[in-house]
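Dear colleague,

I am passing on the structure we spoke about, and below it you will find my notes on what turned up in it. Please read them with the sequence and the coordinates open beside you.

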4 protein chains.
Amino acid sequence: MVAQWLETLLSRDPLAPRRAKFYRWFIMLAVVAFTGETVLDTVPGIFGAWEPVVILADRLFLTVVAVDFFVRLAAAWLSPERWQAVVGYVFSPFGLFDLIAFAPVALSDLLGWPHDVDTAFGILAFLKLARYSPALETLGAVLLSEWRPLLSAMFIMALLVLFTSTVLYFVERHLNPGMISIPHAMWWSVVTLATLGYGDVVPLSALGKVLGAFVGVLGLGMFALPASILASGFTEEMRRRNFVNTWHLVAKVPFFAKLQAAQIAQLAALLKMQRIISGEVLMREGDDADCMYFLISGQVQVSGPAGTFVLKAGDFFGEIALLQHCQRTATVSALTRCQVLVLDARDFQQFTDKSPEILATIRATAQARLSQGEEQTS
Amino acid sequence: MVAQWLETLLSRDPLAPRRAKFYRWFIMLAVVAFTGETVLDTVPGIFGAWEPVVILADRLFLTVVAVDFFVRLAAAWLSPERWQAVVGYVFSPFGLFDLIAFAPVALSDLLGWPHDVDTAFGILAFLKLARYSPALETLGAVLLSEWRPLLSAMFIMALLVLFTSTVLYFVERHLNPGMISIPHAMWWSVVTLATLGYGDVVPLSALGKVLGAFVGVLGLGMFALPASILASGFTEEMRRRNFVNTWHLVAKVPFFAKLQAAQIAQLAALLKMQRIISGEVLMREGDDADCMYFLISGQVQVSGPAGTFVLKAGDFFGEIALLQHCQRTATVSALTRCQVLVLDARDFQQFTDKSPEILATIRATAQARLSQGEEQTS
Amino acid sequence: MVAQWLETLLSRDPLAPRRAKFYRWFIMLAVVAFTGETVLDTVPGIFGAWEPVVILADRLFLTVVAVDFFVRLAAAWLSPERWQAVVGYVFSPFGLFDLIAFAPVALSDLLGWPHDVDTAFGILAFLKLARYSPALETLGAVLLSEWRPLLSAMFIMALLVLFTSTVLYFVERHLNPGMISIPHAMWWSVVTLATLGYGDVVPLSALGKVLGAFVGVLGLGMFALPASILASGFTEEMRRRNFVNTWHLVAKVPFFAKLQAAQIAQLAALLKMQRIISGEVLMREGDDADCMYFLISGQVQVSGPAGTFVLKAGDFFGEIALLQHCQRTATVSALTRCQVLVLDARDFQQFTDKSPEILATIRATAQARLSQGEEQTS
Amino acid sequence: MVAQWLETLLSRDPLAPRRAKFYRWFIMLAVVAFTGETVLDTVPGIFGAWEPVVILADRLFLTVVAVDFFVRLAAAWLSPERWQAVVGYVFSPFGLFDLIAFAPVALSDLLGWPHDVDTAFGILAFLKLARYSPALETLGAVLLSEWRPLLSAMFIMALLVLFTSTVLYFVERHLNPGMISIPHAMWWSVVTLATLGYGDVVPLSALGKVLGAFVGVLGLGMFALPASILASGFTEEMRRRNFVNTWHLVAKVPFFAKLQAAQIAQLAALLKMQRIISGEVLMREGDDADCMYFLISGQVQVSGPAGTFVLKAGDFFGEIALLQHCQRTATVSALTRCQVLVLDARDFQQFTDKSPEILATIRATAQARLSQGEEQTS
């Protein structure tokens, strides 16, 4: 019972009870406040007379972070695998981040270690937030899959930095105090190739400026390589994650149950998942139509010429405007929190081409709904 | 009658009467002038002896902006829904922008509030222009649909800023007055990761410079993430808007009337809308051919071997050069303002593959035109 | 005769006689030298004792540029259309650039106008080079087709500059001499949003720096919009130009003569034009194979197991390694300047799928060549 | 025998013996250390009392680099082609890089040439690393294939630099010491258009700042062109290289032996090569499935309901979860170093559509494995 209560408390399921969401936000705020306080604390005398209060708050944050660790430890202990789960948690990256977030600071306070230890580990506490964001994992996956082109780009950069700084060194070494050695010139070279341009070192001779201009232009091209590799890898990885999520959602819809997994994969590539809050209006009668919807979870209310009715998970709607080119024939709003899969008008034919039986079902439903509407209005 | 006159005055239909266009440009100029005057007014003594004139102009602009609000209010009041339309207008974003543009400044002048209120709201008046540009709406849609990857990118940035500034703080705190605390170092860190490089804070020690160089290179990659997410989202959103517009245009062409909505969606993805001004030449006899046209509105004149004739909305032209690989066989120029849908040569076969009956029609027309041309010239 | 000689002299056909190429390079060098001299001439006393020589060279360049104009005028006069051609040339952009390049400077020297006129028009002479580069035309086409999203991006930028500078002005106006008015703060705002970061104006207060950091990050995203719109438009336009060129090349190959224009358009999208200089080796026996070639103009020599033979315009080669997965079976080198269309292995099946008769021809040729090779070696 | 030993020592095959890898890393480290030492040596007195040690290490590195050259020379001499191989090696770019890496420095030490020669050639030694990275070759290929759009972009940049600097020169020449001539203004112009913004030259007048702001915004767009051309060319070239590699791998798998080369090209475009280290787990029972694997080299162990068995090069696995939408039914881990081709779920149907016989084989294998598993568990 306690085990279950803890499990739902720590759950990240979007349909988990309200206390899970509250707990999540509470921990996130505590971590942000704790790190923020650590950062500000390095400004001498910033808190002035408020220092005792701030220190108290700091202790409080620390306690919260520590309690979170022990709650998670307890949840692991109370799970069926017991010891295995505890060890698995403590040595997972997230477990380590949880431990690092409070243990060194607490120890340092107890043993009177220098204040710098508090500062360093107070900032590492920020890593606790990684649990709530896929960003770090995504970045890791991108670095792993793109390390080859990144390494190539790094090699070209190293060559550029090396050669441009050597040339500038030979040109300006006797007259520019910022280029008296190749390592000095390298600082200028990196600052220029990264298009930073601090301006603390600048070529002074005419020849140096001509060469420097070329380096600046070169930098635009060469240093754009890793940026574009990372950016496209990141985008691709986000898309892949969405695809896997969508696949599992599609596989759950009874409407698609008769399809083979490979066909589902194909559909999943066309569909886009969307979360709808309660009360949100998905379409209004008379709107321009550019998509149809498959309801994954929750309920929506349809108000049109056929009267008002409720659709549940597994149903679809918005197909009439795609089959007959016309505007929306009904207004649809969400009665509860919903998840829907959206199918763009552009992809509709490609979608039904692949599985004619689905088109038949959609057509039949649309026909039934339309005739119902005509009866109603006649 | 007044209602209708007001409605056409405020209309944004590209085929609306000339006064709508004139009114639009007049309001836009008034807003730009009003904001510009507010901006310049903060420079002490900039207008010199001209100040009374400028203040008068300012009052005039304000009046124009205020009148625009009341005109729109009147148009809403005179519309069939009356009160509902008035409330709907005033509480819409555009209505609020219209109100903000003049009410606070007018009030401030009446009640003698400080001049800063004038300045702040004079600049907010610029938001009135949002009505005439889809940019803000587009941006909002992009932020809404891409907030997840943007948040991920923001988290990585926050981590980078936090960790790089902490490291540099520990390295340089005793020797660099710009890094005496982590918040100070964060300023340097953001300025470097955003590749700004003001140069007001620069690492001074050798180790600091080595680390700073790495931060500069890291910044190129990491800060490129949100830029590329926004840029691709923006482009995608513009394309989607064009697609919806094109769809409705295609659905209106009688030539495509027999197609199903899903097929239209498919065609719409291949066609590109283009506006042609009166007198513009769309193709010249003997030109290289790389597209054909469908005329949506307006009239064009075709002069070729088959003589000179006029085409109207619903007709198409330029198909001969795509069917037979040859150069343009006629010169086509616009007689009126026109809207055309352009079909690229590259997409032509994909287009006709999907709907053979369309190909048949195009072929028949081309044949008729060619034989007519041969008769004429023989 | 003179007309023809002039026409070939001014021709830009890649297969034109050598004197056309020589003339082109001569004019380009003269223009670059003339502009370069004008630029350097603004540095006081740069030429020292060499000034008379430089002035002489300058006059010479000017004469060359002027002669080029009159040569082109003569060529227009000697063309069949005579007056029409002359007027057409003088009022075309290129004709105007040619005229601007020498007439004002010559006039200014004659009439003793101030030296600044020489400087300004000497630099405008650089526009003469536009004739030899598609860049300006391409840029114009991009700006024309992308002006809508560009305008949207500009509006967002204007909003950002306006609002960020107003906020910073209110925060820093009393303590930062670089932000004493909104126009002053706008300079900082643009420099920051464009990620320039000169460092001449920098926020000084803590709040100003926090806000400034946000502006810097915002700038990365927002100012990336026009850059990416222009970059993708430019790339698209270059591709379109290549496509049109390739289409006309494909249409000329007898091998593709039986295809319809629409099919050619499809093939043209897969093929890539490449220029080969005399003596260049296109493939070596035993190399990894990833493409086949269609010869458009010129001759290549094939040396393989089937002996050595020469292929002419209209022939293809390299198909064996694509049909049978193996390495190159012969070495092919260019005997003359050639133009070839390259078909990637990746696109080969897509290519032959669309036109089975082409696959049959390729197969037959490959079979003939292979059996010939076996006879030879046996 | 010596020849073979040398050949394996210098081999870059990923399956070569351990000493090849060791030798490769040893040479790479020696080159990096040698270049690093040369760079640091330009800082006066950096090594202090350690100078004799450093000089000794430097000599050592130089000897290693020299020995590497002679080892490669010997390997060439001992190869069947003897003289031809030796000449081929010495005059290849890599051979020249190897020679340049030690010969000039050694000569300079012997003949007492100035120290600058040591510095310059010590840095050129870094080019030896080009042998171990495809980056330089890739960059060369990109520059070769994209030189036309790059040249266009350069022309636009040149125009921009020329015109913006001329305008700023006329505006600020009398009041800005950084813009007293056009070449001076060009330095500012390049620094601004490259978004460097050193801040050593900044427009001072109001008009200059307004124009400067436009130049800064222009720069964002225009200088993004070469960056994006290079970035997309680089990405495309990396993909092409991977494609060729994958093609040869696919052609080696017996499972695909019956396919034609063109079909292989098509499959190769869908498959992605991946290297797996010994012991790595490729899938775990119960995991979400999003791909299947073809084993190219090495062995993997499959543990599932059908017991534990070993798969060898040429086998495939992971197909069950793609055929029936379910989670992984077995755990697969690598027994040795492996190379696998990964087929994404998204591409699975496209893949099997093209070659139904392959789908049949995959289905049969999956069926056999499943029934085996049912027998086992029943």
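A:Phe91 sits in the loop that runs between α4 and α5 (93–111) of chain A, in what is a predicted model. Together with A:Met1, A:Val2, A:Trp77, A:Leu78, A:Trp83 and A:Val87, A:Phe91 makes a nonpolar surface patch of about 840 Å². Two or more residues of this nonpolar patch come from each of α3 (51–78) and α4 (83–90) of chain A.

Turning to helix packing, α9 (residues 182–193) and α10 (residues 206–222), both of chain A, pack at an angle of about 50°, and their axes are 8 Å apart. On the side of α9(A) the contact is made by A:Trp188, A:Thr192 and A:Leu193, while α10(A) contributes A:Gly212, A:Val215, A:Gly216, A:Leu218 and A:Gly219. Sorted by class, this contact has four nonpolar and four polar residues, with no charged ones.

A second pair of helices joins two chains: α8 (residues 147–172) of chain A packs with α7 (residues 135–145) of chain D at an angle of about 85°, their axes being 9 Å apart, and α8(A) and α7(D) are therefore roughly perpendicular to each other. Here A:Ser152, A:Phe155, A:Ile156 and A:Leu159 of α8(A) meet D:Ala135, D:Leu136 and D:Leu139 of α7(D), and the residues of this contact divide into six nonpolar, one polar and no charged.

Finally, there is a residue of chain C to look at, C:Val217, which lies in helix α10 (residues 206–222) of that chain. Once its neighbours within four places in sequence are left aside, C:Val217 is in contact with B:Met157, B:Val190 and B:Phe223. From C:Gly112, by contrast, C:Val217 is 105 residues away in sequence and 53 Å away in space, taken from C-alpha to C-alpha.

Conventions: Residues numbered from 1 in each chain as written. Chains lettered and ligands numbered in written order. Predicted model: local features only at pLDDT ≥ 70, side-chain atom pairs only at ≥ 80, totals over all residues. Heavy atoms only, no water. Axes fitted to C-alpha atoms, helices over the stretch in contact; angles between N-to-C directions. Helix = DSSP H or I, 4+ residues; strand = E, 2+ residues; numbered from the N terminus. Contact = heavy atoms within 4.5 Å. Nonpolar A, V, L, I, M, F, W, Y, C, P; charged D, E, K, R; others polar. Patch = residues over 30% accessible without salt bridge, like charges linked within 9 Å, V, L, I, M, F, W, Y side chains within 5 Å. Areas by Shrake-Rupley, 256 points an atom, 1.4 Å probe, with all protein chains shown as cover. Salt bridge = Lys/Arg side-chain N within 4 Å of Asp/Glu carboxyl O. Parallel < 35°, antiparallel > 145°, perpendicular 65-115°, else oblique.
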